[in-house]
Amino acid sequence: MLSISGLKVDIAGSRILSGIDLAVEPGELVCLIGRNGAGKTTTFRSIMGYRKPVSGSIRFAGKELIGRAPHEIAQMGVGFSPEESEVYADLTVAENLELPTWTRRSKMSEKDRVERSLNVFPKLRQYLHRGGAQLSGGERKMVSVARALALDPSLLLLDEPFEGLSPAIIPVISEGIASIRAMGQAVLMAESNVHHLPDYVDRLYVLERGEMIFSGTLAEAYRDKAVMRVIAGQVELEHA
Ligand SMILES: Nc1ncnc2c1ncn2[C@@H]1O[C@H](COP(=O)(O)OP(=O)(O)OP(=O)(O)O)[C@@H](O)[C@H]1O
């Protein structure tokens with residue numbers, strides 16, 4: 001479904017991605033994990049057409065994405081929830097959720113798409129008429145993920161969905177992602193903390209300074225001490 005090969009990206013004259021490979025198959029939950037600054041957001045922004053790679057290929061549903069505009073990539077069925085949530089402040093929560101139903105057609109009705117998103121984060125029903133500027137960080141994150149799902153995407157990109165959230169809200173987001181996963185929705189999620197990864201993740205990729213240093217299952221990652229040093233920080237390896 002998504003297949004990235006040999007992706008090289010420069011920013012301000014520095015090589016940020018040094019030829020990475022990554023794939024997501026239909027129905028998979030794949031995690032891209034790496035420390036801050038490893039290049040996760042750059043990978044996502046390249047998929048979405050916000051960054052122009054130096055070379056490589058990003059194929060989605062049999063088509064090359066490089067060279068296409070972000071709105072076109074969204075219309076093709078890639079939903080994106082950015083790290084900073086990017087909820088529209090001057091629209092209500094309901095309007096934020098309806099927006100992708102205007103930009104991409106799908107077999108589901110607009111109403112069903114919004115309802116499905118609200119079922120993932122039922123708390124949002126209380127805030128439907130609230131402005132996007134009057135939300136907490138956790139509420140913004142729910143709107144951002146729910147809005148990306150309302151696109152009815154074939155592939156959903158979630159960039160560090162737990163980053164900067166209070167510990168109380170993390171389980172709410174986590175349960176939402178679990179229910180999205182249970183729908184059979186393909187998800188590529190970025191994360192910097194291995195302990196935030198859901199245990200039902202199908203595969204993970206580890207990115208370190210713009211290079212992919214590991215790909216495999218979570219169990220395989222836990223057995224690889226070099227990988228754990230990158231993704232588990234100070235965690236004692238004997239517990240891993
Ligand atoms: N606009 C920019 N100008 C200069 N350097 C940038 C810019 N955006 C990103 N970088 C650099 O590219 C590298 C990768 O950044 P990126 O945001 O992709 O990492 P990340 O893995 O998503 O990390 P984080 O968890 O901190 O968001 C970092 O060294 C960062 O400083």
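Of the contacts in the protein with a separation of 6 or more, 67% join residues 24 or more positions apart, two residues being in contact if their C-beta atoms, placed from the backbone, lie within 7 Å. The model is predicted: local features need pLDDT of at least 70, side-chain atom pairs count only at pLDDT 80 or more, and totals for chains, interfaces and linings use all residues. Residues are numbered from 1 along each chain as its sequence is written.

The protein has eight helices and ten strands (DSSP runs numbered from the N terminus; helices are H or I of at least four residues, strands E of at least two). The C-alpha trace spans about 50 × 40 × 35 Å along its principal axes. Buried residues (20 or more other C-beta atoms within 10 Å of their own, with C-beta atoms placed from the backbone) make up 40% of the 240 residues.

Helix 4 (residues 110–120) has Arg113, Val114, Ser117, Leu118 and Val120 buried. Viewed down the axis of helix 4, these buried residues fall within an arc of 155° and so line one face of the helix; the arc is that of the directions from the helix axis to the C-beta atoms. Their packing partners are helix 3 (93–103), helix 5 (137–150) and helix 6 (170–182).

The ligand is surrounded by 14 residues, the closest being Asn36, Gly37, Lys40, Thr41 and Thr42 (C-beta atom, placed from the backbone, within 6 Å). Helix 1 (residues 40–47) provides the largest share of this shell, three residues.

Key
A residue is buried if 20 or more other C-beta atoms lie within 10 Å of its own, exposed if 12 or fewer, and partly exposed in between; C-beta atoms are placed from the backbone.
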